[in-house]
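Hello,

Here is the structure I promised to pass on. Please open it alongside this email and follow along.

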Amino acid sequence: MTHAPFDVLDLGLTPYRDAWDLQKQHHERVAAGGRPTLLLVEHPPVLTLGRKAREGTNIIVTREYLKAQGIEVLEVERGGDVTYHGPGQLVAYAIFPVGRRVADFLRLLEQATISALHDLGLNDARPNPGYAGVYVTERHVNGLTYDQKIASFGVAVQRHVALHGLALNVTPNLAHFDLIVPCGLTQTHMTSVQREYDLRGLNRAASMQAARDALTRAFHTTFAQYDWTLPTPAAAGS
């Protein structure tokens, strides 16, 4: 894909603060007219609080407990509530021009993630009207119905360019999600590609490399006709 309109950088396992700094560096470059970039990364365990996090009230353990577990808590500029990042979760930061097309951009992130999950054999991956993120078929537990969320979204747009992006659960420690009410949703269970393989009796191992490849392909396809132009100063002020 030598003529792709954006670069893809795989950062491997990178501490959240370091990746956050890299995001800001790439954002500054893209906002100045540079080439858009998709950053793919895994993080050591961390909780991030978005703009709707309400002082972290959806963290259900003490900060002392989190510190003892080596889990940092950071306030960030993305939308949404509290979320968890950790090894086995593929995080994609799309540093792309957005302008005022924020809703359209979020739908494209959603579409790319769904396409990647279909590629990985989870053909029931779908959006959930009213909630950001990607889900698979709900499950019934003790007479209650729980949505099954496999990917979360949260973006910020500054100077018409996006920061942050999506987090796809491939092989994470799902028990870490019990530390929070993910995104503030009480009727939602977090799931992963590996958990879905296991519950469906597919007898296959989820692969982070396969997920990276599938998501990269999906981004190239989904954003093939995307408008990469930044608003002009006149248009931005209109």
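Is the crossing of H3 and H5 right-handed or left-handed? It is right-handed. Before the rest, one caution: this is a predicted model.

**The H3 and H5 pair**

Two packed helices are described by the angle between their axes and the distance between the axes. Take both values here. H3 covers residues 102-119, and H5 covers residues 208-222. Their axes come within 8 Å and cross at roughly 135 degrees.

Now look at who meets whom. From H3 come Leu108, Leu109, Gln111, Ala112, Thr113, Ser115, Ala116 and Asp119. They meet Ala214, Leu215, Arg217, Ala218, Phe219 and Thr222 in H5.

Thr216 also lies in H5. Its relative accessible area is 18%, so Thr216 is buried; the cut-off is under 20%. Leaving out residues up to four places away in sequence, Thr216 touches Val8 and Leu40.

Leu120 sits in the loop between H3 and strand E7 (126-128). Its relative accessibility is 8%, so Leu120 counts as buried. Which residues is Leu120 in contact with, leaving aside its neighbours within four places in sequence? They are Val193, Tyr197, Arg204, Ala210, Ala211 and Ala214. Leu120 and Met208 are 88 residues apart in sequence, yet their C-alpha atoms are 11 Å apart.

**Helix H1**

H1 runs over residues 16-31, which is 16 residues. At 1.5 Å a residue, H1 should span 22 Å. Its end C-alpha atoms are 22 Å apart, so the two values agree.

Which residues of H1 are buried? They are Tyr16, Ala19, Trp20, Gln23, His26, His27, Val30 and Ala31. Seen down the axis of H1, these buried residues fall within an arc of 130 degrees, so they line one face of the helix.

Pick out His27, which is in H1. With 5% relative accessibility, His27 counts as buried. Beyond its neighbours within four places in sequence, His27 is in contact with Ile95, Gln158, Arg159, Val161, Ala162 and Leu163.

Last, check what follows H1. There you will find Gly33, with a positive phi near 105 degrees.

Best wishes

Methods
Residues are numbered from 1 along each chain as its sequence is written. This is a predicted model: local features need pLDDT of at least 70, side-chain atom pairs count only at pLDDT 80 or more; totals for chains, interfaces and linings use all residues. Side-chain values use heavy atoms; hydrogens and water are left out. Helices (H or I, at least four residues) and strands (E, at least two) are DSSP runs, numbered from the N terminus. The expected span of a helix is 1.5 Å times one less than its number of residues. Buried means under 20% relative accessible area, exposed over 50%, partly exposed in between (1.4 Å probe, protein chains only). The arc is that of the directions from the helix axis to the C-beta atoms. Axes are lines fitted to C-alpha atoms, for helices over the stretch in contact, and angles run from 0 to 180 degrees between N-to-C directions. A crossing is left-handed if the near helix is turned anticlockwise from the far one by less than a right angle, and right-handed if clockwise. Contact means heavy atoms within 4.5 Å.
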